[in-house]
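Subject: Handing over a structure, with notes

Dear colleague,

I am passing on the structure below, together with notes on what was found in it. Please read the notes with the structure open beside you.

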Amino acid sequence: MTALRALAVAVVLAATALTFRPTLEHGLLNWDDPRVVGHPRLADSPGRLVTWAATTTDMQHYQPLAWLAYGAIARAGDRAAAVHAASLALHVLNVALLFWLTTRLVSSGDDDGDWWIPAATTALFAVHPMRVEPVAWASALPYLLSYAPLLVATGCWLAWLRGGTTRVLAAAVGLYAVSQLVRVTAPLYPLVLVTLAGAVPAARARPFNAVVRAAAVFAVVAVPLGWMEAGAREIEALADIGLEPRL
């Protein structure tokens, strides 16, 4: 990493940490937080917790790895402080990974000339008001936990597109599976990967049919997990909420 990029990363991460530092002093919201962070099943033995997490759709989500993360937090003395510290740390990590990924998308080498593009876009993401909900709300921790492996998976996909080995592709699939087992945040991810293959000039060396076949492997992960997530939701009928308010 060149000097300007390193300085840009440091500034963006510092701004992120300072912006959300007050969340470390927050308590839990009386809006799902007690049901999630204080869930009675989190006190189970590790074996029973794993079994329950792998099969439950409590809180209308299929999120086995998220429940295990909450289980680890539940063993902390101050659950509110622990979950907010974890959220802030994960957000800073995701911002760093987004900077890395954006750099890979826009850069063809180590030239400093394009350092400002990942710096500006990552900074906008990092401190945008839409980040308040996932970072400050304890019940939204799974989103932050899901993004990190998803971002790395996308970087691995780019590496494969540019001539990486099948091991790199396998790593991307595995990371995507981990991400979605935390929470199904990207069920249409295979379509995103195909779009990236067309948008990144260096990726055009890969035949389109090879790209589609590789993306289909991700769909093997996305479809069953998306189906389980959809089955966990309680959808209001049109008779209860009509078409006009939905639009």
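Which residues in α4 meet which residues in α9? Before the answer, please keep in mind that this is a predicted model. On the α4 side the residues are P64, L65 and A66, and their partners in α9 are V178, L181 and V182. Helix α4 covers residues 64–74 and helix α9 covers residues 166–182, and their axes come within 5 Å while crossing at roughly 65°. Since angles from 65 to 115 degrees count as roughly perpendicular, α4 and α9 are therefore described as roughly perpendicular to each other. Two packed helices are described by the angle between their axes and the distance between the axes.

Helix α4 also has a set of buried residues, namely P64, A66, W67, Y70, G71, I73 and A74. What covers these buried residues includes α2 (33–37), α3 (46–55), α5, α8 (141–161) and α9.

Two further buried positions lie in other helices. Not counting residues up to four places away in sequence, H91 touches T16, F20, F125, A126, R131, V135 and L144. The other is T122, which sits in helix α6 (residues 116–127) and counts as buried because its relative accessibility is 0%, where the cut-off for buried is under 20%. Leaving aside neighbours within four places in sequence, T122 is in contact with V12, V95, L98, F99 and T102.

On charged pairs, how many salt bridges does the count come to? The count comes to four salt bridges, and I describe some of them here. Side chains of opposite charge can pair when their charged atoms come close. R21 and E25 meet through their side chains at 3.3 Å, N to O; R21 counts as partly exposed at 41% relative accessibility, whereas E25 is exposed, with a relative accessible area of 62%. R41 forms a salt bridge with D44, and the closest N and O atoms of that pair are 2.6 Å apart. Here R41 counts as partly exposed at 28% relative accessibility, while D44, at 15%, counts as buried. R233 is paired with E229, with 2.9 Å between the closest N and O atoms; R233 is partly exposed, with a relative accessible area of 37%, and E229 counts as buried at 5% relative accessibility.

Most residues other than glycine have a negative phi. D32, however, has a phi near 80°, a positive value in a residue other than glycine, and Q60 likewise has a positive phi, near 60°. D32 lies in the loop between α1 (3–20) and α2 and is partly exposed, with a relative accessible area of 25%. Q60 is found in the loop between α3 and α4 and is also partly exposed, its relative accessible area being 31%.

The loop between α1 and α2 also holds L29, which is partly exposed, with a relative accessible area of 42%. Apart from residues up to four places away in sequence, L29 touches P34 and W137. L29 and A172 are 143 residues apart in sequence and 35 Å apart in space, C-alpha to C-alpha.

Finally, there is the surface to consider. Which residues make the nonpolar surface patch of about 400 Å²? That patch is made by L238, L243 and L247. Of these, L238 lies in the loop between α11 (208–232) and α12 (243–246), and L238 is exposed, with a relative accessible area of 57%.

How values were computed: Residues numbered from 1 in each chain as written. Predicted model: local features only at pLDDT ≥ 70, side-chain atom pairs only at ≥ 80, totals over all residues. Heavy atoms only, no water. Patch = residues over 30% accessible without salt bridge, like charges linked within 9 Å, V, L, I, M, F, W, Y side chains within 5 Å. Areas by Shrake-Rupley, 256 points an atom, 1.4 Å probe, with all protein chains shown as cover. Helix = DSSP H or I, 4+ residues; strand = E, 2+ residues; numbered from the N terminus. Buried < 20%, exposed > 50% of the residue type's maximum accessible area, 1.4 Å probe, protein only. Axes fitted to C-alpha atoms, helices over the stretch in contact; angles between N-to-C directions. Parallel < 35°, antiparallel > 145°, perpendicular 65-115°, else oblique. Contact = heavy atoms within 4.5 Å.
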